Amino acid sequence: MTDQAREIAELRRMIAASRRAVVFTGAGISTESGIPDFRSPTGIWAQMKPIYFQDYIASAALRREAWRRKFASEPVMRAAEPNRGHRAVARLLREGKAASVITQNIDGLHQASGIPEDQVIELHGNSTYAHCLDCSRRYEIDALREAFEREGEVHGCTACGGLIKTATVSFGQAMPEAAMLRAEAEILAADLCIVLGSSLVVYPAAGFPEMAKGNGARLVIVNNEATGLDPLADLVIHRGIGDVMGGAVGVNY
Ligand code: NAD
Ligand code: ZN
């Protein structure tokens, strides 16, 4: 048996022994769909600095830059489809092994893999649409892009004049309270926490796997690189998510 086969078999046993699992995902689960992550050597942060929420609010120039980046990344985001890792997670949920997936991702690929909207807990929001920061009115990306291409900027909310921003949570922006509470409840109800593709450095999100472990759950980390929580985990697999999860859950496509 190869090391990889042994690790997958161990993960399969842990899943079988679990009464209720929770899955926690980061950008790494979507790289196999062609969406770059942040912290890999080829990730987004190797190319550009993040724009903090306060700077977005304060600076029209940085808002323009944020929209420029958003529209530049659109073709890749739009072309992305769920991969084997997403499908394996969907199967775990469909079979009732896990009640929901907690994700830091903003790409909507868990929903696209067939997981019902209410079983995806988005900690960092969603980049597939935008909203007004004051009155929450929703705006579609296509319409904003057309305005941006025409006028060189995205204007304020037509209802209240507030600033429009993608429905994501930027650095420095408050976490969505309802999602945080739901994530905590899921974590505390689980006896197994499976972390897929997160460098586990962005807090408070990265606190959830720690919380699960502190509450007595077993902790599995599947990630190409080492993470700060590896020493705490019951099983660490430094390999690609699609093969590992697909193998463990029996999803071969
Ligand atoms: P991160 O970039 O910090 O870490 C991703 C980790 O996944 C890295 O350690 C990398 O080695 C690993 N990885 C990449 N591809 C992998 C694969 N196929 N198999 C196994 N491991 C793989 O991402 P993060 O921890 O999610 O952190 C940060 C923030 O990135 C989040 O807030 C999220 O909102 C944002 N983000 C989201 C997307 C997305 O929605 N797809 C993309 C980029 C960034
Ligand atoms: Zn408004």
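Author: The largest cavity holds about 30 Å³ of space. Keep in mind that this is a predicted model.

Reader: How do you know which residues line the largest cavity?

Author: A lining residue has an atom within 4 Å of a point of the space. For the largest cavity these are Thr103, Asn105, Asp107, Gly108, Leu109, His110, Gln111 and Glu122. Helix 5 (residues 109-112) gives the largest share, three residues.

Reader: Why is one residue of this lining called nonpolar?

Author: Leu counts as nonpolar, Asp and Glu as charged, and Gly as polar. Leu109 is in the lining, and so are Asp107 and Glu122. Therefore the classes come out as one nonpolar, five polar and two charged.

Reader: Now the second largest pocket. What is its volume?

Author: About 290 Å³. It has 15 lining residues, and Glu122, Gly125, Tyr129, Ala167 and Pro176 are the closest to its centre. Strand 4 (125-132) is one of the strands that supply at least two lining residues. Its four residues are the largest share.

Reader: Which domains does the lining of the second largest pocket draw on?

Author: Domain 1 (1-35 + 82-124 + 175-253) and domain 2 (40-79 + 127-168) each give at least three residues. By class, the lining has seven nonpolar, six polar and two charged residues.

Reader: What makes the pair between Asp107 and ligand 1 a polar contact?

Author: The cut-off is 3.5 Å between N or O atoms. A polar side-chain atom of Asp107 lies 2.7 Å from a nitrogen atom of ligand 1, so the pair counts. Glu225 also has a side-chain N or O atom 2.7 Å from an oxygen atom of ligand 1. For Asn224, a backbone N or O atom lies 2.9 Å from a ligand nitrogen atom. The protein covers 96% of the 850 Å² of accessible area that ligand 1 has on its own.

Reader: Which residues come nearest to ligand 1?

Author: Of the 28 around it, Arg39, Gln104, Asp107, His124 and Ser199. The shell has eight nonpolar, 14 polar and six charged residues.

How values were computed
Residues are numbered from 1 along each chain as its sequence is written. Chains are lettered from A and ligands numbered from 1 in the order in which they are written. This is a predicted model: local features need pLDDT of at least 70, side-chain atom pairs count only at pLDDT 80 or more; totals for chains, interfaces and linings use all residues. Side-chain values use heavy atoms; hydrogens and water are left out. On a 1 Å grid over the protein atoms alone, a cavity is a set of points where a 1.4 Å probe fits but cannot get out, and a pocket is an open set with protein on both sides within 12 Å along at least five of seven lines; lining residues have an atom within 4 Å of a point. Grid points are joined across faces, edges and corners, and a volume is the space filled by probe spheres set on the points. Domain bounds come from an automatic or database domain assignment. A residue is near a molecule or strand if one of its heavy atoms lies within 4 Å of it. A polar contact is a pair of N or O atoms within 3.5 Å; within protein, one must be able to donate a hydrogen and the other to accept it, and residues adjacent in sequence count only if both atoms are side-chain atoms. Accessible areas come from the Shrake-Rupley method with a 1.4 Å probe; for residues, only the protein chains shown count as cover.
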